[in-house]
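Subject: Structure for your files

Hello,

Here is the structure I said I would pass on. My notes on it follow below.

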Amino acid sequence: MRVTRPSFACPLIVIDDFLAADDAAAVLQEAIDLKPVYMPGSIGNGPDNKINRDFRRNDVVMLNWVFAADQSRSSIVRILKKRIADPDLNPVWHKGYTMFDVVNYCNWREMVLSRYGRCEFYGKHQDTFRDRDNPGHVTRRLVTLCYYMNREPEVFTGGGLRLYEGGSDIRIEPRNNRA
């Protein structure tokens, strides 16, 4: 595991070799096996949820829905929950940006697989959900963890994650087994 903290306006951690090799392989295999249940990615929440192919063009699997009856049936959910709570990551969550430690105490974890193909994208957006009556109050997604997985060797180009804060931006390049 290699941890870097890029200099950026908002808290950011990049962790390479996030999962053990066998866990990374199991997560990738389940993501491939779930191909029949991927659906077009949408934007919004609840009644505002809609598909807008000009803003977002990719496929997703809502793991919380697919494995609603028993989340432990999903290797992805099981492995990521265990890894996030792993004691060797506690110093990572605490050092510098203590806000990341919320992952150990949260009461909601939403796990979504996002798959991007040729010319697919997701426009600039904010991951947090805010209370309609009190816009300063975040109701969900205090922290987002993106995990990259792909077959190796890589046979794609692009796919970087661009983050914005104020007038600054940073690009995180996709790399297999990177969080």
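Two strands count as paired if DSSP finds at least two bridges between them. The model is a predicted one.

Sheet. Strand β5 (residues 59-62) pairs with β6 in the antiparallel sense, over four bridges. These two strands belong to an open sheet of three strands with the order β3-β5-β6 and antiparallel pairing. Its edge strands are β3 and β6 (112-115), each of which pairs on one side only.

Surface patch. Met39 is placed in strand β3 (residues 39-40). With Val37, Trp65 and Val66, Met39 forms a nonpolar patch on the surface, and together the four have about 360 Å² of accessible area. Met39 itself is partly exposed, because its relative accessible area is 32%, which falls between the 20% limit for buried and the 50% limit for exposed.

Cores. The largest nonpolar core has 26 residues, and Phe18, Leu63 and Trp93 have the most contacts inside it. Helices α1 (21-33), α3 (75-84) and α4 (90-94) each supply at least two residues of this core. The most comes from α3, with five residues. Apart from this core lies another, of six residues, including Phe8, Leu12, Tyr148 and Ile172.

The loop between β9 and β10. Asn150 sits in the loop between β9 (138-140) and β10 (161-165). Is Asn150 buried or exposed? Asn150 is buried, since its relative accessible area is 10%, and the limit for buried is under 20%. Leaving aside neighbours within four places in sequence, Asn150 is in contact with Leu28, Phe156, Arg175 and Asn176. Pro153 is found in this loop too, between β9 and β10. A cis peptide bond joins Glu152 and Pro153, with omega about 0°.

Positive phi. Two residues are listed here. Asp17 has a positive phi of about 55° although it is not a glycine. Asp17 is in the loop between β2 (14-16) and α1, and is partly exposed, with a relative accessible area of 47%. Asn177, also a residue other than glycine, has a positive phi near 65°. Asn177 lies in the segment after β11 (168-172) and counts as buried, at 7% relative accessibility.

Regards

Note on methods
Residues numbered from 1 in each chain as written. Predicted model: local features only at pLDDT ≥ 70, side-chain atom pairs only at ≥ 80, totals over all residues. Heavy atoms only, no water. Buried < 20%, exposed > 50% of the residue type's maximum accessible area, 1.4 Å probe, protein only. Contact = heavy atoms within 4.5 Å. Patch = residues over 30% accessible without salt bridge, like charges linked within 9 Å, V, L, I, M, F, W, Y side chains within 5 Å. Areas by Shrake-Rupley, 256 points an atom, 1.4 Å probe, with all protein chains shown as cover. Salt bridge = Lys/Arg side-chain N within 4 Å of Asp/Glu carboxyl O. Core = buried A, V, L, I, M, F, W, Y, C linked by side-chain atoms within 4.5 Å.
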